[in-house]
Amino acid sequence: MYDQIREDILYMIFYGAAAMLSLVACCYLLFRRANAIAPDVTPPVRLRRWTAALFASMTLSHVWYMPTLFLTSSEDVLLNNIVGAELDFLTLIPLAIAVLFVMLQDRRRPLWPVFAMMAPIILGLAVCGISHSVAILPILYAYYLLLGIGLIIYMIRATRQYGRWLHDNYADLEHKEVWQSLVVLAILLMVFGVYSFASYSMIYEYIAQANNMILICYLLWRVETLSDMSDASQRSEICRGSKSAGEQRYENSSEGQNPSQVISRSPLPPPYLR
């Protein structure tokens with residue numbers, strides 16, 4: 001198949017175009033402060049930066065697979081593909097999941113678990129590269145599948161919480177809801193993840209590059225049409241923190257006192273005085 005890739009000039013142009021598109025999108029998000037897609041919308045700065053990092057990793061992903069086009073030994077091609085897949089799971093896949101998390105603006109979710117989840121795959125691919133063997137690839141496939149299922153379940157739960165938070169804080173939900181976008185992005189990212197493990201024909205290669213271009217365009221549109229709601233998120237965090245602190249102070253003041261003293265300090269009169 002790699003001989004076909006080397007001889008297919010149209011695919012080489014398509015491959016280069018996908019890399020350039022991700023690079024242009026990355027530079028746009030990093031260096032252009034104004035919103036050219038939806039000028040009346042102010043997108044989240046944090047989401048813009050994480051998405052720019054994702055686009056940069058997509059550009060680099062095209063670069064570190066390029067030696068495959070010039071290698072002739074099957075063993076060298078296998079090693080290059082393993083190294084490329086490992087770099088993808090070090091950068092591209094975690095960044096893609098992080099973008100999905102950052103898109104939900106109800107609260108700041110920790111991102112370190114995203115990178116920790118990739119550790120078994122990274123270690124497994126390192127073993128494959130050192131041993132020049134793909135014997136454990138089925139185990140990595142299974143782990144990746146379970147990881148994808150777990151991520152889908154978590155995102156469904158998190159998106160429902162985000163929807164309730166939106167309805168509690170906003171009357172106008174235009175440029176704020178994301179569940180439709182998350183469904184589309186999850187499908188596109190799953191296709192991209194499968195491509196990181198294997199490819200079987202030139203048609204599959206074309207589909208993978210087309211998927212990259214669709215993902216870049218769709219994600220760029222989604223980022224630029226999503227309103228920044230960081231102020232409401234901060235207010236929610238402050239309210240939750242104040243409520244917890246108030247409850248803690250009330251519990252501390254109630255310890256070691258008899259019930260009549262606790263009742264007298266409660267905000268409502270006791271039942272027999274109502």
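This is a predicted model: local features need pLDDT of at least 70, side-chain atom pairs count only at pLDDT 80 or more; totals for chains, interfaces and linings use all residues.
Local features were taken at pLDDT of at least 70 and side-chain atom pairs only at pLDDT 80 or more, while totals for chains, interfaces and linings use all residues. Residues are numbered from 1 along each chain as its sequence is written, and side-chain values use heavy atoms, with hydrogens and water left out.

The secondary structure comprises 11 helices and zero strands. Helices (H or I, at least four residues) and strands (E, at least two) are DSSP runs, numbered from the N terminus. Of the 274 residues, 41% count as buried. Buried means under 20% relative accessible area, exposed over 50%, and partly exposed in between (1.4 Å probe, protein chains only). Contact is defined as heavy atoms within 4.5 Å. Among contacts between residues at least 6 apart in sequence, 75% join residues at least 24 apart.

Two helices were checked for length. The expected span of a helix is 1.5 Å times one less than its number of residues. Helix 3 has 20 residues and reaches 29 Å from its first C-alpha to its last, close to the 28 Å expected. Its buried residues include Leu47, Arg48, Leu54, Phe55 and Trp64. Helix 4 (residues 74-103) has 30 residues and should span 44 Å; its end C-alpha atoms are 41 Å apart, which agrees. Helix 4 bends by about 45° at Phe89. The bend at a residue is the angle between axes fitted to the seven residues ending there and the seven starting there.

The largest nonpolar core has 55 residues. Such a core is a set of buried Ala, Val, Leu, Ile, Met, Phe, Trp, Tyr and Cys residues joined through side-chain atoms within 4.5 Å. Leu54, Phe55, Phe89 and Leu125 have the most contacts inside this core. Helix 2 (9-31), helix 3 (45-64), helix 4, helix 6 (119-131), helix 7 (137-169) and helix 9 (202-224) each supply at least two of its residues. The largest share, 14 residues, comes from helix 4. Leaving aside neighbours within four places in sequence, Leu125 is in contact with Ile82, Ala85, Glu86, Phe89, Leu137 and Leu140.

Glu224 lies in helix 9. Glu224 counts as buried because its relative accessibility is 0%. Its side chain makes a polar contact with the side chain of Arg48 (2.8 Å). A polar contact is a pair of N or O atoms within 3.5 Å; within protein, one must be able to donate a hydrogen and the other to accept it, and residues adjacent in sequence count only if both atoms are side-chain atoms. Not counting residues up to four places away in sequence, Glu224 also touches Tyr28, Asn35, Val41 and Pro43, among others.

Met229 lies in the loop between helix 9 and helix 10 (230-254). Met229 is buried, at 1% relative accessibility. The C-alpha atoms of Met229 and Gln105 are separated by 6.5 Å, although the two are 124 residues apart along the chain.

His132 lies in the loop between helix 6 and helix 7. Most residues other than glycine have a negative phi. His132 has a positive phi of about 55° although it is not a glycine. His132 is partly exposed, at 40% relative accessibility.

The structure holds zero disulfides, a disulfide being a pair of cysteine sulfur atoms within 2.5 Å. The sulfur of Cys27 is 5.3 Å from the closest cysteine sulfur, in Cys26, and is therefore too far for a bond. Cys27 is partly exposed at 33% relative accessibility. Cys217 is also partly exposed, with a relative accessible area of 46%.
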